[in-house]
Structure formats: C-alpha cells, structure tokens
Amino acid sequence: MIAFLDLDIAILVVAASDGVVSETVEHMGLARQVGVPSLVVALTKADGQSAERLDAAEREVRAALTEQGFPGDEAQVIRVSGLMALQSDPEWTRSVENLLDALDNVPELPRELDQPFLMAVEDVIPVADRGAMVTGWVERGRVEVGAEIEVVGFRDEPLTTTVAAIEAYRTTIDSLQAGDVAGLWLATHDVTHGQILAAPGSVTASTEFEGLVYILTEEEGGRPIPVFSDQPMQFYVRTAGVAGVVTLPDGTDKVVPGTSATIRVTLTLPLPLEEGLRFAVRDDDCTVGVGRVGVLHASDR
C-alpha cells in the first residue's frame, strides 16, 4: 500500500531475468496515478545475466515507462545485484552505491517553506510525565521549539498544544522545515496516528467532500468490479484511514474500472482535508481507486 504523501521519487524494482511483467506495468501506472514525479529503476539480479539480456531488459523498461507517461529515455536504470553486494563483491557493491547516487541526483522538488506548518502523524510514543513523541514528515512550512500548534483530525475541534522539543537522528534541534523527517515532543498524550500537526487555524477537519476519483483496473492493481453509489469504503488520506460512503452523481449508478468520476464522500470521522489533497479508496485488502479532494461542503463539521 502506497502512503499517499507527496513523494519526490520512488524506486521501481525490476528483475533483469524477467524484464517487464504485468506487475511492473501496474506499479508504473499506480505511481503515475498518485503523482510520483520520478522513478529510478533498480534492474536486479543483474549478476546472472548476459550483456544482451541486460540491454534487452533495459529497453523494455524504458519503453514501458514511456507508455505510462514517464520520460523513459531519460530514466536512470541501474543494474544491481543485492545478493552479490551482500557477499561484498566490489563490482556489485558499487552498483548499490550507484543506485543511491542516482537517488541523490534526482532534482529536489521545491519545498513550501512559506506556507503554514503541517506534518502528518506517522507514529506516537507516549512517555509518562512528558507528553508524547510524534514522528513524521514535514509536508510544508516551518516549526520551532516552543511553538503553539494544533492537533487536527478524528475530533470536531482541534486540540492546541506546544512543541516542547524536536529531535532528528537522536540529536536535539531547534526547528524543522518542509522535507524534514523528525520527532516532536508535544505537551500532550492526546494524539494518534493519522492526525496532523498544523499551524493554528490553518486546517479544518471535514466529514464530507467531493473529489475526482480514478477506479483502477485489475491490471493496475485494482479489481474487475465497479464502484456503486452508497457503497461503504475505506478512505486513506495522508497517514489516516477512515470509513466512509461513496455517493455517485445523479444518473450514474456505477463507475467501472479504468474510468474516472466525481464522487461525494461522507466520512465517519472528521479528517483534515484541503482542495487537491490526494486520497486512496480501498475495499477489504484491495486498492480500488485513487483521487484528489475537490469541494468541501458547508455541512462539514
């Protein structure tokens, strides 16, 4: 399951012995649907293949990337062998280092440093008499020790608290900014996975919204059956997962895989929502569709 955050890059793993298979195309398509801007390809098991087979596998990958809307001719395809690297083979150890270099060389996306602070809560470690350590990735803005922030989501009204300390890689620091991954010590225990931390007044929680959703085909990792109106589903936004009900437009009784539709969603719990925010729709253990939030309705909490 892809976490629906703004990703700079993803690694696509393709076995050189197999080349492009149906799952490869599914993962490319899903990455495109959720807005991953760049893919770096790790062509694995390269130690046991001939030069001709490796060249053919790379051509297949580049062609498939182009078909899925990525710049296949410009893609970084790194031939690696994890097995041989673990055995300290110098050539294949360098290949893994080359993969890491390829990730470092992908142009960094602009960070929204001038926007209000927002961080989705990934994990919470409560500590008696000290509050809770909250970890996550800063989506936008900046925050400093001592700042007042709000915990938003799963409740009708936000909870106001204070950043008591900030830690990154076991080091205490004074501030964070967009793109950083770290932990914040909060002066409260009342916070949980799936909520967000935000600048006061910058984000509100909603239970109803309209959004444009694309229903995945079975080849893209979805399922062969349509989505129907009034159907209960699970909606994933940032790190949160909440049950909800899909309502289709008047005159539309279903949305078949491979097509898009504007849907109205009613959630069982309030989530922090904004126009353009990505979401995923799941049913049981299957990702049914991906989409973006559109209009938030006046009836929202």
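## Close-up views of a predicted model

View 1. In β6, A132 is the bridge partner of P126. Strand β5 covers residues 123–127, strand β6 covers residues 131–140, and the two pair in the antiparallel sense over five bridges. Pairing here asks for at least two DSSP bridges between two strands. Together β5 and β6 make a hairpin with three residues between them, and D129 in the turn has a positive phi of about 70°. Strands are DSSP runs of E with at least two residues, helices are runs of H or I with at least four, and both are numbered from the N terminus.

This is a predicted model, where local features need pLDDT of at least 70, side-chain atom pairs count only at pLDDT 80 or more, and totals for chains, interfaces and linings use all residues. Residues are numbered from 1 along each chain as its sequence is written, and side-chain values use heavy atoms, leaving out hydrogens and water.

**View 2**

**View 3. Where β14 meets β21.** Residues 205–215 form β14 and residues 286–296 form β21, and these strands pair in the antiparallel sense over six bridges. Look for I215, which stands opposite G289 in β21.

**View 4. The chain as a whole.** Four helices and 21 strands are found in the chain. Of its 301 residues, 47% count as buried, meaning under 20% relative accessible area with a 1.4 Å probe, protein chains only.

Technical notes
Buried < 20%, exposed > 50% of the residue type's maximum accessible area, 1.4 Å probe, protein only.
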